[in-house]
Amino acid sequence: MKKPTLPLIALSIVLLLTSCQETKKTSIETQQTQELVEEKVVGSILTAVEQASMTPQEIIGRLKKGNENFINNNLTQRDHSEQRRKATIGQFPKAFVLSCVDSRVPVEDVFDLGIGDIFVARVAGNIENTDIVGSMEFATAVAGSKVVIVMGHTACGAVKSTIDQVDARSLGMTSLADLMAEIEPAVIETELQGERDSKNTIYTNNVINNNAIRTVKNIREASPTLAKMEDDGKIMIVSAIYDMESGTVLFNND
């Protein structure tokens, strides 16, 4: 058997060294990529200093940017375990969102928010009541939130049932009938072109929008505290509509 020649041995050594260098380079690149991914994962929560430094207008701007992230499927990566641990110390949410109970409206995701970022209340048709208004007073006057949002959404079942005059009481659902009675004024106040029917999409969407606007008005009337805070520029109370098809949130103050 012929022994390897010197040039062949030298070539083998060069190839081996090159291979080792490539492996080391790949390992370093993989480590750097992993570190970059970890840096992008948010483990912090909103602090009292950060909450105090933001204006209501700035908060709405951030919520709009978060909604853009949601629409573009670019949600922030979060370390929920770390956020959960930090949140045990206290909470300093920037906003309060009153939303419908609809399972297709994931409020925190819609605004690309995490643990400790917002207060959320839900009720069919996003209408106010004493308990919810009291919760808003706590969220703003006590906990420091600066924005209150009443967020309706397209294809709202509670509004559609009210438009269609579903007789919930005869079906034994008296509480639902009372809830629909709270939505009825928005139905009556909305200009009707065509039939009063939830299949009348333009009319239905107008009712949904007017219902959210009406709820904002009712909140101001129900709470002198919230109304005064808004008059003093400390908070903003606004309505918005979430479009379930596009994922867009349109604020009525735009």
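Predicted model: local features only at pLDDT ≥ 70, side-chain atom pairs only at ≥ 80, totals over all residues.
Me: What makes up the secondary structure of the chain?
Reply: The chain has 10 helices and 5 strands. These are DSSP runs numbered from the N terminus, helices being H or I with at least four residues and strands E with at least two.

Me: What is the order of the strands in the sheet?
Reply: The 5 strands form an open sheet in the order E2-E1-E3-E4-E5, with mixed pairing. Two strands pair if DSSP finds at least two bridges between them.

Me: Why are E2 and strand E5 (249-251) called edge strands?
Reply: Each of E2 and E5 pairs on one side only. From one strand to the next, the twist averages 25 degrees.

Me: How do you know that strand E1 (residues 95-99) pairs with strand E3 (residues 147-153)?
Reply: The two are joined by 5 bridges, against a requirement of at least two, and they run parallel. Ser99 has Met151 in E3 as its bridge partner.

Me: Which strands does H6 touch as it packs on the sheet?
Reply: H6 touches E1, E2 and E3, contact meaning heavy atoms within 4.5 Å. The direction of H6 makes about 165 degrees with that of E1; axes are lines fitted to C-alpha atoms, for helices over the stretch in contact, and angles run from 0 to 180 degrees between N-to-C directions.

Me: Why is the pair of Phe111 and Phe251 called tilted?
Reply: Rings of Phe, Tyr and Trp (its six-membered ring) pair if their centres lie within 6.5 Å; planes under 30 degrees apart count as stacked, over 60 as edge-to-face and the rest as tilted. By this rule there are 4 aromatic pairs. The ring centres of Phe111 and Phe251 are 6.4 Å apart and their planes stand at 45 degrees, so this pair is tilted. Phe111 lies in the loop between helix H5 (107-110) and E2, and Phe251 in strand E5, 140 residues apart. Elsewhere, ring pairs link Phe96, Phe119 and Phe138 into a cluster.

Me: Why does Asn126 count as buried?
Reply: Buried means under 20% relative accessible area, exposed over 50%, and partly exposed in between (1.4 Å probe, protein chains only). Asn126 has 2% relative accessibility and therefore counts as buried. Its place is the loop between strand E2 (118-122) and helix H6 (130-142).

Me: Why is Gln165 called exposed?
Reply: Its relative accessible area is 57%, so Gln165 is exposed. Gln165 is found in the loop between helix H7 (157-163) and helix H8 (174-189).

Me: How do you know that Ser170 makes a polar contact with Asp167?
Reply: A polar contact is a pair of N or O atoms within 3.5 Å; within protein, one must be able to donate a hydrogen and the other to accept it, and residues adjacent in sequence count only if both atoms are side-chain atoms. A polar atom of the Ser170 side chain lies 2.9 Å from the backbone oxygen of Asp167. Ser170 is exposed, with a relative accessible area of 54%.

Note on methods. Residues numbered from 1 in each chain as written. Heavy atoms only, no water.
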